[in-house]
Amino acid sequence: MAEGNSDLLVSNVRNRLREIVGASTNWRDHKQMMAERASLCSLLASCQEDLPVRSMKDSYVEVHLPLGTQPLLREKYLTFHNTVRYLLICYSHTRNKALQRSPLSIVTALVDKIGMAKNIIYPDCDIKFTGHVTWVGKTSIEAKIHMSQFHDGDYTPVLDATFVMVARDPENKRAAYVNPLKPEGQEEEKFFQEGEVNKKRRVELSTASLLKVAPTDEERKLIHSIFLNTLDSKTVSFRSRVLPPNSVWMEDAKVKGLEICHPQERNIFNRIFGGFLMRKAYELGWANACSYGGCRPNLVAVDDILFQKPVEIGSLLLLSSQVCYTEGKYIQVRVHTEVLDPLTRQHNTTNVFHFTFTSPEEVPAIVPKTYGESMLYLDGKRHFDLTVKEIPPL
């Protein structure tokens, strides 16, 4: 197989997106493309009722990655993160066939959950991706992606992912309406109701955030218990702290990194591709979990990735990973990313990532020392508790 043909799987999808959105493939043509897209504002619906109702099958996408039958693909896609597919799903839901270009700019708002069904992904077995829209609001879309792999004569689940996308106007300045969704049958109604539950859960989590309200009584007792366990019994002082056996201070469980955001990592809207940010955050979080546990960890789940601000080309991206909670063989890692403006020295948060890893052996307990670290500990515990309830044991 020719070298160029090995890129067809992804390039075809990206070209399809460019066809739908009208995005330029040339860096220098970006301003011209944005000017052309501004002219599409008149095509936006004034209300959701003006848009035709869609079904889940309208957005269904299935893509095969033939790692078993085309060996030259393996090196290119062995760590492929599938970050193009769900965007195509959303455009399939909102596409108007009468229009040559879509007036919508659909961007990632949140990665709600990525759950691993198994640890091993075989490098020489075909992979299949399927997905479709499962819920919509006025301007937002929830899409689910399923990844399975052909092994021992059948396709078996590898991971499930849930993404929340938002529709914007052609210039990505304000919200835009999306087509309503009508579930058909019990299975689709179940998907839709799960979307409603997910929305309610996200609102509740945001309302109860430790950045807004105090910890619960149970959480306060837990933090006080940890504090008492670290006091030096030989002294009568709040300042004298002793690390318990088989434990690590939270301040000693950090790994940091820096990325210069180059143009080749841009998306069709000339900003840094969200999949690139996810990959870099995952690699740093994995390295931290590996260093902390002393062996190679396995990813169990990715939870609640919030895209707060876009990352511009040329940005200095600072990544900071912190082990914030441990339990048995599990390691909860939080990765915070921010953009540094070298001229003003200002730091602006762009993303927060939450990863749950499992280690082959039990890991040391992480111990917070300050109040701020205690809040990180409780936040990590909250994410972990949600994860272990929803993800079956590996």
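These are my notebook entries on what I looked up in this predicted model.

**Ground rules**

I'm working with a predicted model, where local features need pLDDT of at least 70, side-chain atom pairs count only at pLDDT 80 or more, and totals for chains, interfaces and linings use all residues. Residues are numbered from 1 along each chain as its sequence is written, and side-chain values use heavy atoms, with hydrogens and water left out.

**Entry 1: the whole chain**

I started with the secondary structure and got eight helices and 12 strands for the protein chain. Both kinds are DSSP runs numbered from the N terminus: helices are H or I with at least four residues, strands are E with at least two.

Next I looked up burial. Of the 394 residues in the protein chain, 45% are buried. Buried means under 20% relative accessible area, exposed means over 50%, and partly exposed is in between (1.4 Å probe, protein chains only).

Then I looked up contacts, meaning heavy atoms within 4.5 Å. Taking contacts in the protein chain between residues at least 6 apart in sequence, I found that 75% join residues at least 24 apart.

**Entry 2: helix 5**

Does the span of helix 5 agree or disagree with its 23 residues? Helix 5 covers residues 185–207, and at 1.5 Å a residue it should span 33 Å. The expected span is 1.5 Å times one less than the number of residues.

An α-helix has 3.6 residues a turn, so residues three or four places apart point the same way.

Leu-205 is in helix 5 too, but I have it down as partly exposed because its relative accessible area is 35%. I checked Leu-205 against His-383 as well: they are 178 residues apart along the chain, and their C-alpha atoms are separated by 10.0 Å.

**Entry 3: Gln-48**

Gln-48 sits in the loop between helix 2 (30–38) and strand 1 (61–65). I count Gln-48 as buried because its relative accessibility is 10%.

Leaving aside neighbours within four places in sequence, the contacts of Gln-48 include Lys-138, Tyr-177, Asn-179 and Pro-180.

**Entry 4: rings**

I searched the whole structure for aromatic pairs and got eight. Rings of Phe, Tyr and Trp (its six-membered ring) pair if their centres lie within 6.5 Å; planes under 30 degrees apart are stacked, over 60 edge-to-face, and the rest tilted.

I looked at Phe-150 and Tyr-155: their ring centres are 5.2 Å apart and their planes are at 65 degrees, so I call the pair edge-to-face. Phe-150 is partly exposed at 36% relative accessibility, and Tyr-155 is partly exposed at 26%.

Phe-353 and Phe-355 have ring centres 6.2 Å apart and planes at 5 degrees, so that pair is stacked. Both Phe-353 and Phe-355 are buried. Ring pairs also link them with Tyr-282 and Phe-357 into a cluster.

Back at Tyr-155, I found Lys-128 over the face of the ring, 4.6 Å from the centre. The charged end of Lys-369 likewise sits over the ring of Trp-249, at 4.3 Å from its centre. The cut-off: NZ of Lys or CZ of Arg is within 6 Å of the ring centre and within 35 degrees of the ring normal.

**Entry 5: positive phi**

Asp-152 isn't a glycine, yet its phi is positive, at about 55 degrees. Asp-152 is in the loop between strand 4 (140–151) and strand 5 (154–168), and it counts as exposed at 71% relative accessibility.

Arg-345, also a residue other than glycine, has a positive phi near 65 degrees. Arg-345 is in the loop between strand 10 (330–340) and strand 11 (347–358), and it is exposed at 58%.

**Entry 6: cysteines**

How many disulfides does the structure hold? I got zero, using a pair of cysteine sulfur atoms within 2.5 Å as the test. For Cys-290, the nearest cysteine sulfur is that of Cys-295, 7.1 Å away. Cys-290 is partly exposed at 22% relative accessible area, while Cys-125 is buried at 12%.
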